[in-house]
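Please examine the sequence and the structure shown below before reading on.

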Amino acid sequence: MLGSGILGRTSLWLYCLLVFAFLVLPIFVIVPLSFSAGAFLHFPLPGLSLRWYERLVEHEIWRVTLKNSLIVGAIATVLATGLGTLAAMGLARARFPGKGLLMALMLAPMIVPVIIVAIGAYFFYRPLGLTGSLWGLAIAHAVLGAPFVLVTVSATLGALDPSLVRAAQGLGASPWVAFRKVTLPIIAPGVVSGALFAFVASFDEVVVALFLTGPAQRTLPRQMFDGIREEISPEILAAATVLVALAVALLVVAELLRRRSARLRGLAP
Amino acid sequence: MATTAVAELRRALRRAERRKNLGGLVLALPLTAFLVVFFLLPILGMLAKAVDNHELATAMPRSAEVLRSWRGLGPPPEPVVAIVASELREAHVRRQSALVAQRLNREQAGWRNLILSTARRLPESPQGSWLETLVALDPQWGEPAIWAGLRRAAQPWTDIFLLAAVDLQRDDHDAIVRVPPDQAIYLDILVRTFWISGLVTLFCLILGYPLAYLLASLPERWANPLLILVLLPFWTSLLVRTAAWIVLLQREGVVNDFLLRAGLLAEPVALVFNRTGVLVAMTHVLLPFMVLPLYSVMRGIPLSLTRAALSLGATPFSAFRKVYLPLSMPGVAAGCLLVFILALGYYITPALVGGAADQMISYFVAFFTLQTANWGMAAALATLLLLATLLLYWLYARLVGIERLRLG
């Protein structure tokens, strides 16, 4: 087998280390630059300072856009998680003709280019009064986020032993109680990680935001996009660093959830 | 006695099954309805915009009707010309001639002026025939081209935008012909979109296959933390990653700096705001989508198979080529299709790290919608992009299976 000899193994590791560096280093290069005392994006740094982070706090635009993004993200997450979880439970129980097609429709927002969702919404939401409102953007983001919830919840449901629910009902639990006491705790990690995905999908989304928002609904990614297009300043990199920290935190939560879910399903000790 | 009990049981089972199915459908209904209203209908509306031809029928309804039933080349008979001329004048009075002018300008640049200036100067009653009056205002009215254009604008729907999206147009006889070479730009954009997506897919495969292979060969307690390194870029904002590449690759950026100091370069090279930047940044962004499906397929390949091949005398290379590689093909297919599909629709990354010649089809959809308000053209390009995506999505469903589709 390839990579079984010492030489093969070493070169495989070396190659993969380079690929890992390619994946991860660019993200962390911006972190030290955001703590620079100077205004240029160069190494070595002229000195360390928190001045760019102070700018983040001082400039009102960051506060406003962050607030908008959090509102949109929250609405989108609630909608996507509720609808996606229900649908996952429904699809797990039911067998009917055209189920494959329905699945294809429900997963399509992951695959259809965002620009198409964006111009579709741009034309369609206007007569409904949904452009220039945070609600319109949140609804569009819920469309994009729902498939993630559907996928993660379906995965945990697929591993759920149906005899557990039947046992609960056999012992006299109503369907609702059986759901709350048996199904929900087991699928909860899937629901929460689906919700995390849906939130990140909204919090990072800029294309639909370009089409549906006016100056008053400007979101954080939209602000970042304009900043990057004009000129990247250490201030933008400070904002980016905050987002990287957030990504690491979310990744840790998602990983813990995955482990918990595996443990609950008896896949790991 | 026994048979009736069995039949009874069977009926009860079927009833329970039906109830379960019905319950499932009810649970799936809210998301279905939500997606139909806020996802499917907007896309259908967008498709309708690609063939929308309402302008002439709105501003000059009687003209649209008579032009539709008129066949032939050159200026139409006088009664038709009379209706068109008098309605054009009325449209000017009602301030709707601009709508017609804009629509006709899509047929041929310059017709906006022809329509607007004619509409402004048309008298209430003709001097001689209506046709003579029009020709006196502008000789173009004596030529067949503008009348063929008006007839196309009078149809209930139009293929002008869809044809233009692949560099085709209709001539005065309504036959489909190529547009003049100096106006042919869209096929280039289409080819460029596919080319960039293909290259990015190839780079992702070259980088991702060995990585997934290594991860799959490690025990899980080693593979999992390393997998997190693959997932980190995936959870990081796309804008952050794109900004990082600009910082790294720009003229005074970290990479140029390093290469200059190491003496590998005499002067900085342009690595960003060109094709190189687009390929590097897109490969970085899409690599996790290649590694994850590859990894999940490779995890399932039993090591005993390649060991058997080796013990039967295969060289390490042929054991890999004849046993491992074919078994990993489902992962290769899944990863490549996924990366290619996602790459086709990319907008943000090329817009930020590419030059003018590196913009993909999505960029032009946004450009026509937001900058020039040429919605027909935007919708036509989006329709092409959607068709390509759906075709590949169908292929994915056939080859890989829709239940394996996950982005994370």
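## Model and conventions

This is a predicted model, in which local features need pLDDT of at least 70 and side-chain atom pairs count only at pLDDT 80 or more, whereas totals for chains, interfaces and linings use all residues. Residues are numbered from 1 along each chain as its sequence is written, while chains are lettered from A and ligands numbered from 1 in the order in which they are written.

Chain A has an average pLDDT of 87, and 96% of the residues score at least 70; pLDDT is the predictor's confidence in each residue, from 0 to 100. Within chain A, confidence is highest in helix 5 of chain A, at 94, and lowest in helix 11 of chain A, at a mean of 83. Helices (H or I, at least four residues) and strands (E, at least two) are DSSP runs, numbered from the N terminus.

## Contact between the chains

In this model, 76 residues of chain A are in contact with 79 residues of chain B, contact being defined as C-beta atoms, placed from the backbone, within 7 Å. Helix 1 of chain A gives the largest share of the side of chain A that touches chain B, 13 residues. That side comprises 65 nonpolar, six polar and five charged residues. Here Ala, Val, Leu, Ile, Met, Phe, Trp, Tyr, Cys and Pro count as nonpolar, Asp, Glu, Lys and Arg as charged, and the others, Gly among them, as polar.

Val240(B) is found in helix 12 (residues 238–249) of chain B. Val240(B) counts as buried because it has 26 C-beta neighbours inside 10 Å. A residue is buried if 20 or more other C-beta atoms lie within 10 Å of its own, exposed if 12 or fewer, and partly exposed in between. Leaving out residues up to four places away in sequence, Val240(B) touches Ile27(A), Ala240(A), Leu243(A) and Val244(A).

## Nonpolar cores

The largest nonpolar core has 172 residues; among the members that touch the most others are Ile119(A), Val208(A) and Leu286(B). Such a core is a set of buried Ala, Val, Leu, Ile, Met, Phe, Trp, Tyr and Cys residues joined through C-beta atoms within 7 Å. A second, separate core of 28 residues includes Leu56(B) and Leu150(B).

## Exposed loop residues

Arg95(B) lies in the loop between helix 4 (78–93) and helix 5 (97–107) of chain B. Arg95(B) is exposed, with 9 other C-beta atoms within 10 Å, and its phi is near 60 degrees, a positive value in a residue other than glycine.

Terms used
Two residues are in contact if their C-beta atoms, placed from the backbone, lie within 7 Å.
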